[in-house]
Every structure is written in C-alpha cells, then in structure tokens.
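Hi,

Here's the structure I said I'd pass on.

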Amino acid sequence: MAWGARQRDVAAGAVVVGAAFVVVLWVLARIPLGMDSIPSLDIYAYSWPIFLYTQAALEQGHGLLWNDLQSCGQPFLGIVSTTLLYPPTWIFLPFEADVWLRGQAILHLAVAGLGSYALARELDLGRTAALGAALAFELGGVGVGIATWSPLVQGAYAWIPMALACAERVLRSPRPEAAIALGVVLTLQLLAGFPQLSVFTYELLGLRALFELATRRGGSRGRGLAVLALGMALPLALAAVQVLPTLELASESVRTLPLAAHEYSQPGGEHSWVDFRRVTGRRVPVSGTVAGLFGVAAALLAGASLAATRRRRAIAFYLSAGGLFLALVFDTPLRDAYRLLPIAGDLRIPYRFAWVTSFCLSVLVGFGLEASSAERRGSGAPSRTLLGSLTALAGIWLLSPRGLESWEWVVAALVLLAIAMPSPRPAAEGLRSAALVALLAASLIGSDAHSALGFLPDDTTLRESSAAFEFVRERQNASERVYAAPGLPRPVDLSMRSKTAALYGLPTIVDYENLAS
C-alpha cells in the first residue's frame, strides 16, 4: 500500500532521530580518549558541575537564585549559561548526569535535523532532498564537534534551522500564529545559554528580511516583514525573566568594556587563508574550527545546487549568506566594519562565524539533490549538476594542503558516478537519490568517528580528588574558602577545577564563569 504524505514525513523524521542515537550512543561512545581525542573542559569543568549543582539546589530547597559556593557568592539564575530555565534541562533533572549529557546531545542533534528537514520542506524541496539537508546539518563536523564540546552551545546551534523554517513560513503566510512559533523558537534558543548564536540567528533573519525586501514585489511583502519583526521581538517578553537579570549582571561585569583586537580573536584561530587551509585540511570534527565544513559528499552535493534552475532566489540567499559569514572569519576590513555594529564587537572568536556557513551549506545540499533529480527529469543530461559538483571538488582540493585522503577520493568518485549515471525510470531515480543520501550520511558518520573531543565513560576521572575535598570538609569552618588547583603533570585534570568544589558543597574563592569572575 502506498504511503501517504504524512507517513513519509514521519519516516524521514524517524531516520533523523535514529541518526542522533547512532552518533551519540555508538559512534561517539567508541572514540578512545587519549592524545588524539580528549574530554571537553567546557563539559566536565563547567556544564557538568552546574547540572549537579542544580539538582542539589532543588533537593535542598535553595540556591537557584544565588549560589553561595562560587566566587564568595554570585547570582545563579542571572547567568544565562546555567540554562536553568531551558526546558531540556528540566527533562533530565531527575536522571544521573551521564544520562543528561548523552540525552541532551541526542535531543539537540534530533532538533537540528528535524529543524533542517522542516526548513527544506518550507523551501519546497522534496522529501528525499529535505532528508539529505537534514542529515548534512545534523551529522556535519561542526554540529557533532559542538555536541562534544558544550551542551549549551549545542542547544543554541540546534535551533537555527527551525528559526529559519518559521521565518520562511511567516514570509509565505504572514499570520500571527506563525510569528508566535518563531518567537517561541527564538526564546528556546536564547534560554539554551549561548547568546552569541542568538545574535548570529538574528543577523541571519535580518539578512533574510533584507533579501525579501530587495527581491520580491507584492502587497503581502510588507505584512510579511512586519509579522517577521513581531516574531523576532517576542523573546524579549517571553524570556524577560531570564534576559533582565542577565543584562543586569552583564552591565556590572567586565564584559561591558569593548574588546581589543587581540581579545576579539583567539590564538590559533583561522584568521588568514593559510590558517584556514591548515585547519580545514585536518578534516576532524571539532567545535573550535571549520574542519567539518567541507565534507566531500556534502560539498559535492552542495556544488550541484549551483546548476539548479528552480528556486534560484532561495539558493542565492543561502549561498550569499554562507559566503558572507565565512568572509567574517578572516581579519579583513569587512570584519572591522562588522565590529562597528551593536553588540558585534563584544562577542569573541571569529571562527564561530563559520558555524553559520556550515548551516547554509547543509541547505544547499538539499538543493543539490533536488537539482540533480530535476535535471534528469528534464533533458536527461546531468551536465550542469556534474559541473557544479566538479567545481566544488576543485574547491575542496584547494583547501587541502596535503591533498585529499584516499577515502575522500572514493567518496567523491561514488557521488560523481551517481550524479552522472543515467536513470531512465522514475523508480530508479528514487533509488539513486536515496543512495546519494545514504552515501552522504555514511561519509559524515565516518568523519564523526574521528572527533577531537569525546565523552568520558563515567565520572571516575572527575572524582579522583574526592579524598582531598573530604579532608578539607572535615576541617573547614564557615569563614574559610578553598582554592582548587589542577595538577600540572596531567594535560587534562578534571578533578580539581574551579567548579569542582561545588560537587562537594565546599565554598570556593574562584569560578569558571565569563561574567561573574
């Protein structure tokens, strides 16, 4: 019996969710920690202690507004990166921290994929092409690298596609309920605890509004932009209970001072073409680089979108937006001009602009899959998509100081063969598209298996210094505070960090916080 449209969408969603489980519980779980892959400091020295502190505060009935254990006392709710009001935090509070870490990683990878699928469908892509776009974003090196780096960053990153999907719905059908949906998504992204990605999302939405204003004519255009602006403004009200104390705390912190040029960038980041080629040539999924941007299969399929004859407006927008954010990675007059914008000069580390480029690239993957199929249904000669993919392959080769790996040449050959292979029957065309999506997913999962960061199997490493803390607890009086100093012999000592004392309920004199410290 033929499946209906809703059933096919549910099946695609099941693939997206299943991929999230595979990556977290199988691929990342099998990564051996050592010199090539290490546990993330921002997970185990920051987010992990915060989660355990939240659980303890709820059990004790105090401490959610004011944390008296860190930095001689400091706000807790007022620090947005505690994610206290973020719904996924509530979901996992009854469970062990290990379940929370892996559970939220699965949840956010699924949200990322489902949001990308919804966006692709809003852009009128077919289901197979939409699934390809979803998997490209969900399994891409940037997304998986962020998943192994920081839960709060992953949470904010995962909501970008859903926000753009809501924006496309608003522009197509400007109704109040569409604005409310956009406002809710942007509120969730803000509560996830990493405002820099909220700023990037608002900038992307602003570019989308300008693009609509410049390229579309008609009476509904003005109404669509007005409803879009309403949706973008709603989080200021919906998240006011979090935004207002965070702004108050930020106004009294050192973060109100403008960043100098050496503070804005990070040593080792990609600020020149040479640095960019060096880092992308590693092909290792890691949050701190754009190495995951140019997976071979994803790049070749995105290159095929250049040959599309339909939906050129949408392709032009995502190609231009991705290129613009990528250009901001480099130290150029364009980035100097960008830093003059409100807030822009206060947010550090320029390589993070490439995260938006990675998102735009995933959308173009969907367009490339659609363009390949559409070209066959027309003349049957895949010359345009093949040329676009070959152009992308040349670009990848230029970004690879050591050349392509042997497995990358195999993947590239298979993708090009699938694009060039004739498929006279509609059923064969569907199989070819499905095979391309499967090849895309397999190549991305294979790359994810080489992630530079990984999850600890348990909390044994974090509690290696428990005897020392218990020794102090027995002797510490109410006026004394401790200072936890990491041991020098080990490259990553997670058992004696600034927030570690909070795991044992001992007041400390320092903290690992951006604002309060």
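One definition before the notes: a helix is a DSSP run of H or I with at least four residues, a strand is a run of E with at least two, and both are numbered from the N terminus. By that scheme, Ala209 sits in helix α10, which covers residues 195-215. Please keep in mind that the model is predicted.

First, the overall picture. The protein chain has 23 helices and four strands. Of its 517 residues, 56% are buried. If you take contacts between residues at least 6 apart in sequence, 78% of them join residues at least 24 apart.

Is Ala209 buried or exposed? Its relative accessibility is 19%, and the cut-off for buried is under 20%, so Ala209 counts as buried. Leu228 is 19 residues away along the chain, with 8.0 Å between the two C-alpha atoms.

Arg216 belongs to the loop that links α10 to α11 (220-238). With 31% relative accessibility, Arg216 counts as partly exposed. Which residues does Arg216 touch, not counting those up to four places away in sequence? They are Leu171, Arg221 and Arg313. The C-alpha atoms of Arg216 and Arg313 are 9.4 Å apart, although 97 residues separate the two in sequence.

Now the helix pairs. As a reminder, two packed helices are described by the angle between their axes and by the distance between those axes.

α8 with α10: helix α8 (residues 160-172) and α10 have axes that come within 11 Å and cross at roughly 25 degrees. Angles under 35 degrees count as roughly parallel, which means α8 runs roughly parallel to α10. The crossing of α8 past α10 is right-handed. On the α8 side the contact uses Ile160, Ala163, Leu164, Ala167, Glu168 and Leu171, and these meet Leu197, Thr201, Leu204, Leu205, Arg208 and Glu212 of α10. Sorted by class, that contact has eight nonpolar residues, one polar and three charged.

α19 with α20: the axes of α19 (residues 383-398) and α20 come within 9 Å and cross at roughly 165 degrees. Over 145 degrees counts as roughly antiparallel, so that is how α19 and α20 are arranged. This crossing is right-handed as well. Thr385, Leu386, Ser389, Leu390, Leu393 and Trp397 from α19 meet Trp409, Ala412, Leu416, Ile419 and Ala420 from α20.

α15 with α20: here helix α15 (residues 296-304) and helix α20 (residues 406-420) have axes that come within 9 Å, crossing at roughly 30 degrees. α15 passes α20 in a right-handed crossing. α15 contributes Val296, Ala297, Leu300 and Leu301, while α20 contributes Glu408, Val411, Ala412, Val415 and Leu416. By class, the α15 contact with α20 has eight nonpolar residues, no polar ones and one charged.

On to the nonpolar cores. In soluble globular proteins, nonpolar side chains tend to be buried together. How many residues are in the largest nonpolar core of this model? There are 151, and the members touching the most other members are Tyr44, Leu197, Leu204, Tyr318, Trp355, Phe359 and Val415. Helix α18 (residues 353-377) supplies the largest share of that core, with 13 residues. Leu197 and Leu204 also turn up in the contact between α8 and α10, and Val415 in the one between α15 and α20. Tyr44, leaving out neighbours within four places in sequence, touches Pro39, Pro49, Leu101, Gly454, Phe455, Leu456, Leu462 and Leu494. There is also a second, separate core of seven residues, among them Val482, Met496, Ala501 and Tyr504.

Last, a couple of backbone angles to look at. Thr83 is not a glycine, yet its phi is positive, near 55 degrees. Thr83 lies in the loop between β3 (74-75) and α3 (87-92), and at 13% relative accessibility this residue counts as buried. Asp124, likewise not a glycine, has a positive phi of about 70 degrees. You'll find Asp124 in the loop joining α4 (97-122) to α5 (127-139).

Cheers

Key. Residues numbered from 1 in each chain as written. Predicted model: local features only at pLDDT ≥ 70, side-chain atom pairs only at ≥ 80, totals over all residues. Heavy atoms only, no water. Axes fitted to C-alpha atoms, helices over the stretch in contact; angles between N-to-C directions. Left-handed = near helix turned anticlockwise from the far one by under 90°. Contact = heavy atoms within 4.5 Å. Nonpolar A, V, L, I, M, F, W, Y, C, P; charged D, E, K, R; others polar. Buried < 20%, exposed > 50% of the residue type's maximum accessible area, 1.4 Å probe, protein only. Core = buried A, V, L, I, M, F, W, Y, C linked by side-chain atoms within 4.5 Å. Parallel < 35°, antiparallel > 145°, perpendicular 65-115°, else oblique.
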